[in-house]
Amino acid sequence: MTGSPGNQTDKDDKCPLTFYPCIFKDAGECTLGIPSQEVKPCMLGVAETLVKKEDLAALTKDAHENGYKALAIEYHHLRFNKADTIVELEHRYTQSLKKLTDTGQFLPLPFKGLREKSQHRASEFAKKYHCQRIFSKIGHEELGFPDNLLARIGTSFHAVCNQQQLPWIHENDMLVALGIEPISRKMYCEVPLLYNYKDIATSIHADDLLQFLPNELEFGKDIGDIGVHDMKRKAYSTHEEKGHKMQLAANVLGAEQSIGVKSKWFYIITSKRPRKAVVGRHRLPEYHIGKIAREGITVEDFHSLLVDTNKEQAQLLDDRVYWNSNKEKLTKKGICGNCFDKDTCNYVTGIMNENRQSMRETLEDTLDIVLPNKELPAQ
Ligand code: SF4
Ligand code: SF4
């Protein structure tokens, strides 16, 4: 059964997307199962097309147990521009979001994307340890491990919030409330980007590529300051995690470089599920909105981390003894026991030691991937 807004025809039919706040339902415009969904579906049509039945059931259960809503990306945009919260600047300064959006708007930034081979992925900077960042580049499925349940829930969550299979879905129309024409999610969500710094290439997939466009500029003709919004299933905490800031710094720098614009400010936004889950009470996501300077401390920190992680990963990849002692140290600290990648790591570490080869040789034998440079890039 697929759905689309229209006139209610059957009161017994209920949209099964219990975790999804649908404005068409609120407006009394929901009709389940009318044929127009083939041309312009609503979220139920999108969910049933893009997400496997069992994964949709797992997402529904997870959202119920952890008390969160999955918002359409367009709904997030309305909230960025209509709500108020704190915008965090560097050096502990803050600003009101409402005061900021009195001077301009957060809008999608359509870009066709740039895809090239790279040594790093922006998402790896959200991980704490260098060894985990190596596994972040590798799909578990390529090594014969099916994606675990949390990974499948995360993928389904993203599909529902920021993807679409057809050129137009009804959710695109929400953008009209911001004074712009509807834009397909395909134009600005999951955009591939590339960031080159000192011969180190980082590839990026931006969940939601944005711009902050001052009121005096015109959408479609001008580009404002770059922003990126990343949707996390993780629970909100008062302070943004350093890893998430670093991941988003890579995103905005990659967007600026790939598009070929100069941004004075960057906006780095994460949305997370509310903390302290109340079972069965689906609550709206919470935001961290950061405004960082092009020449500021966050960009500086990211560049140091990038050079450091490139060097450390190269040593882990080329020195088997170093790999093993790092793993032993993290096992003793209890890190490995709770590591998301422990099955993959144990498997490839076993092959590496059995063949008495380096981790680089083991992974390159097993997978077709590009690993970080052996040499430190020129300073
Ligand atoms: S997503 Fe909205 S319009 Fe579509 S079936 Fe569900 S409530 Fe109705
Ligand atoms: S299992 Fe341990 S050594 Fe392996 S990636 Fe995870 S933390 Fe690193």
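This is a predicted model: local features need pLDDT of at least 70, side-chain atom pairs count only at pLDDT 80 or more; totals for chains, interfaces and linings use all residues.
## Overall make-up

The protein chain contains 12 helices and 12 strands. Of its 379 residues, 37% are buried.

Contacts can also be sorted by how far apart the two residues lie in sequence. Taking contacts in the protein chain between residues at least 6 apart, 73% join residues at least 24 apart.

## Helix α7

Helix α7 covers residues 149–162, which is 14 residues. From its first C-alpha to its last, α7 reaches 20 Å, close to the 20 Å expected at 1.5 Å a residue.

Which residues of α7 are buried? They are Ile153, Ser156, Phe157, His158, Ala159, Val160, Cys161 and Asn162. The cover over these buried residues includes three helices, α2 (43–50), α3 (53–65) and α4 (73–82). It also includes two strands, β9 (208–214) and β10 (225–235).

## How α3 meets α7

The axes of α3 and α7 are 9 Å apart, and the two helices pack at an angle of about 95°. Angles of 65 to 115 degrees count as roughly perpendicular, so α3 is roughly perpendicular to α7.

On the α3 side, the contact is made by Asp55, Leu56, Ala58, Leu59 and Asp62. On the α7 side, Leu149, Arg152, Ile153, Ser156 and Phe157 take part. By class, the residues in this contact of α3 with α7 are 6 nonpolar, 1 polar and 3 charged. Among the α7 residues in the contact, Ile153, Ser156 and Phe157 are also buried.

An α-helix has 3.6 residues a turn, so residues three or four places apart point the same way.

## The surroundings of ligand 2

Ligand 2 is surrounded by Tyr129, Cys131, Gln132, Phe135, Lys327, Leu330, Ile335, Cys336, Cys339, Asp341, Lys342 and Cys345. The elements that each give two or more residues to this shell are α6 (130–136), α10 (320–332) and α11 (342–355). The largest share, 3 residues, comes from α6.

What classes of residue make up the shell around ligand 2? There are 8 nonpolar, 1 polar and 3 charged residues.

## Val321 in helix α10

Helix α10, which gives residues to the shell around ligand 2, also holds Val321.

Val321 and Ser358 are 37 residues apart along the chain, and their C-alpha atoms are separated by 8.8 Å.

Note on methods
Residues are numbered from 1 along each chain as its sequence is written. Chains are lettered from A and ligands numbered from 1 in the order in which they are written. Helices (H or I, at least four residues) and strands (E, at least two) are DSSP runs, numbered from the N terminus. The expected span of a helix is 1.5 Å times one less than its number of residues. A residue is buried if 20 or more other C-beta atoms lie within 10 Å of its own, exposed if 12 or fewer, and partly exposed in between; C-beta atoms are placed from the backbone. Two residues are in contact if their C-beta atoms, placed from the backbone, lie within 7 Å. A residue is near a molecule or strand if its C-beta atom, placed from the backbone, lies within 6 Å of it. Ala, Val, Leu, Ile, Met, Phe, Trp, Tyr, Cys and Pro count as nonpolar, Asp, Glu, Lys and Arg as charged, and the others, Gly among them, as polar. Axes are lines fitted to C-alpha atoms, for helices over the stretch in contact, and angles run from 0 to 180 degrees between N-to-C directions. Angles under 35 degrees count as roughly parallel, over 145 as roughly antiparallel, 65 to 115 as roughly perpendicular and the rest as oblique.
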